[in-house]
Every structure is written in C-alpha cells, then in structure tokens.
Amino acid sequence: MLLACAPDVGDRADTRPLAEETGDPADTTAAGDTGCAGVPLLSWGNFGHAFLLENCQGCHASTAPDRYGAPEASTFDTVEDAWRQADRILARAWADDATMPPSGGVSADDRTRLGWWLTCGEEGE
C-alpha cells in the first residue's frame, strides 16, 4: 500500500510511515507513535543518492541536457540539495497522490524508504 500523507508535509513527525500502513516487517513502530523508533536508518550513502540518481536526476540534475520543465531551483545534485527541498520531495514523490516522477516506475517499497529517509534518516552522507 502506498503511504498516507498528512496535509502538512512540513511537519515530518506527522508524515512518517507507520508499520501498519507500509506492511514492512522492518518497521516495528507502533501505530500512533510519531517518533522514528524501529524505522531502518537510511542515509544519502545507503539510499538517498541512488534513489535520486535513478528516479530524479533525469530532470533534476543541474547538468541535465533537458529538464523537461523542472524548475531550475529544483536540483538534487547533493545531499544538501535534497535535504533543503525535503518537504517538496515528500509532497511530490511520497504522498498518495505522488506526481513524481511523472513516468512512474517507483515501487511502493522505494517510496516508503524515501519517506523514512527524509523523515527519520540522516541528513549527512
């Protein structure tokens, strides 16, 4: 099942996926717990960089030959870029009505991991 998203994606504690929503046995967080206990620790190095390269950089790299209408300010070349725009990424690529990437192809599991990384993960490399 795709993740549920609270209306205000800026409040990360409220938009974090819960075990009963994701069905992922690795997430042992109890329903109603707004912390990140039990969520696998994800970082730029073990998840974020590869996810963005595979799913976002075609349009959101500063060096992309054709950005297909992606705003110039929406580049995800570095971990700092991604974290600076985390709320926007969550709103566009993690919500139930995700519109990014426009061609689709991101599995529900990877969308879950994206949410875990940007809500509970580490900002650094």
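Predicted model: local features only at pLDDT ≥ 70, side-chain atom pairs only at ≥ 80, totals over all residues.

Tutor: Residues are numbered from 1 along each chain as its sequence is written, and side-chain values use heavy atoms, leaving out hydrogens and water.

Student: What does the secondary structure of the chain come to?

Tutor: Helices (H or I, at least four residues) and strands (E, at least two) are DSSP runs, numbered from the N terminus. Along the sequence the pattern reads α-α-α-α-α-α-α. The total is therefore seven helices and zero strands.

Student: Are helix 3 and helix 7 parallel or oblique to each other?

Tutor: Axes are lines fitted to C-alpha atoms, for helices over the stretch in contact, and angles run from 0 to 180 degrees between N-to-C directions. The axes of helix 3 (residues 44-55) and helix 7 (residues 108-120) come within 11 Å and cross at roughly 125°. Angles under 35 degrees count as roughly parallel, over 145 as roughly antiparallel, 65 to 115 as roughly perpendicular, and the rest as oblique. Helix 3 is therefore, relative to helix 7, oblique.

Student: How do the residues of the contact of helix 3 with helix 7 divide?

Tutor: Contact means heavy atoms within 4.5 Å; Trp44, Phe47, Gly48, Phe51 and Leu52 in helix 3 meet Asp110, Arg113, Leu114 and Trp117 in helix 7. Ala, Val, Leu, Ile, Met, Phe, Trp, Tyr, Cys and Pro count as nonpolar, Asp, Glu, Lys and Arg as charged, and the others, Gly among them, as polar. The contact residues divide into six nonpolar, one polar and two charged.

Student: Which side chain meets Arg113 in a salt bridge?

Tutor: A salt bridge is a side-chain nitrogen of Lys or Arg within 4 Å of a carboxyl oxygen of Asp or Glu. At 2.9 Å, N to O, the side chain meeting Arg113 is that of Asp110.

Student: In the salt bridge of Arg84 and Asp81, is Asp81 buried or exposed?

Tutor: The two side chains meet at 2.5 Å, N to O. Buried means under 20% relative accessible area, exposed over 50%, and partly exposed in between (1.4 Å probe, protein chains only). Arg84, at 59%, counts as exposed. Asp81 has 11% relative accessibility and therefore counts as buried.
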